[in-house]
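Please have a look at the model first, and then we can go through it together.

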Amino acid sequence: MKKLKFYAIGLVPGCIFVFFILNKKGASCSGYLPNSRVIAETLSKDFTYSGPFKAQMAQLKINEKFLRDSIITKGKIDFDRSHAQKKPCPDYLLTYPETQPVYEITFEKCEEKATLNSLKKLR
């Protein structure tokens, strides 16, 4: 029992110390989850837009900045309806926002570029 007390005396302050150090540096573990990785890889590529996608953007009055900064950055990949193992370019379905989605985007993420294929307004 004494060993457990000494272990806890060291573990608890150590965890608190590490938490505050990492929190100040802005470190997080969220970048390792599949959703975050796909979005980060997609944002690092050049975007190409299909004809229907451009037309839908114009109709919904969505500009490229809003598309990148809000819809794609804060969206959620629906892996059940995506084909992440497809070769050479996996295709994904992204919904925005996560709760009660308003927009749905399908895109392909190739080696050099990301091709946005369709944009739908759900409500």
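Is Phe-79 buried, exposed or partly exposed? Phe-79 has a relative accessible area of 34%, so the residue is partly exposed, a class between buried (under 20% relative accessible area) and exposed (over 50%), computed with a 1.4 Å probe on protein chains only. Please keep in mind that this is a predicted model, in which local features need pLDDT of at least 70 and side-chain atom pairs count only at pLDDT 80 or more, while totals for chains, interfaces and linings use all residues. Residues are numbered from 1 along each chain as its sequence is written, and side-chain values use heavy atoms, with hydrogens and water left out.

**Aromatic pairs**

- Five aromatic pairs are found in the structure; rings of Phe, Tyr and Trp (its six-membered ring) pair if their centres lie within 6.5 Å, and planes under 30 degrees apart count as stacked, over 60 as edge-to-face and the rest as tilted.
- One of them is edge-to-face because the planes of Phe-66 and Tyr-96 stand at 85°, with ring centres 6.3 Å apart.
- This pair ties together parts that are 30 residues apart in sequence, because Phe-66 lies in helix α4 (residues 64-72) and Tyr-96 in strand β3 (residues 91-96); helices (H or I, at least four residues) and strands (E, at least two) are DSSP runs, numbered from the N terminus.
- Phe-66 counts as partly exposed at 30% relative accessibility, whereas Tyr-96 is buried at 16%.
- Phe-79 and Tyr-92 also make an edge-to-face pair, since their planes are at 90° and their ring centres 6.3 Å apart.
- Here the partners are 13 residues apart: Phe-79 sits in the loop between β2 (76-77) and β3, and Tyr-92 in strand β3.
- Tyr-92 is buried, at 5% relative accessibility.

**Around Phe-47**

- Phe-47, Tyr-49 and Phe-53 form a cluster linked by ring pairs.
- Arg-68 places its charged end over the ring of Phe-47, 3.9 Å from the ring centre (the criterion is NZ of Lys or CZ of Arg within 6 Å of the ring centre and within 35 degrees of the ring normal).
- Phe-47 also stands opposite Ala-114 in β5.

**Strand pairing**

- Strands β1 (residues 46-49) and β5 (residues 113-121) run parallel and are joined by four bridges; two strands pair if DSSP finds at least two bridges between them.
- Strand β4 (residues 103-109) runs antiparallel to β5, with seven bridges joining them.
- Three residues lie between β4 and β5 in the hairpin that they form.
- Ala-114 in β5 stands opposite Lys-109 as well as opposite Phe-47.
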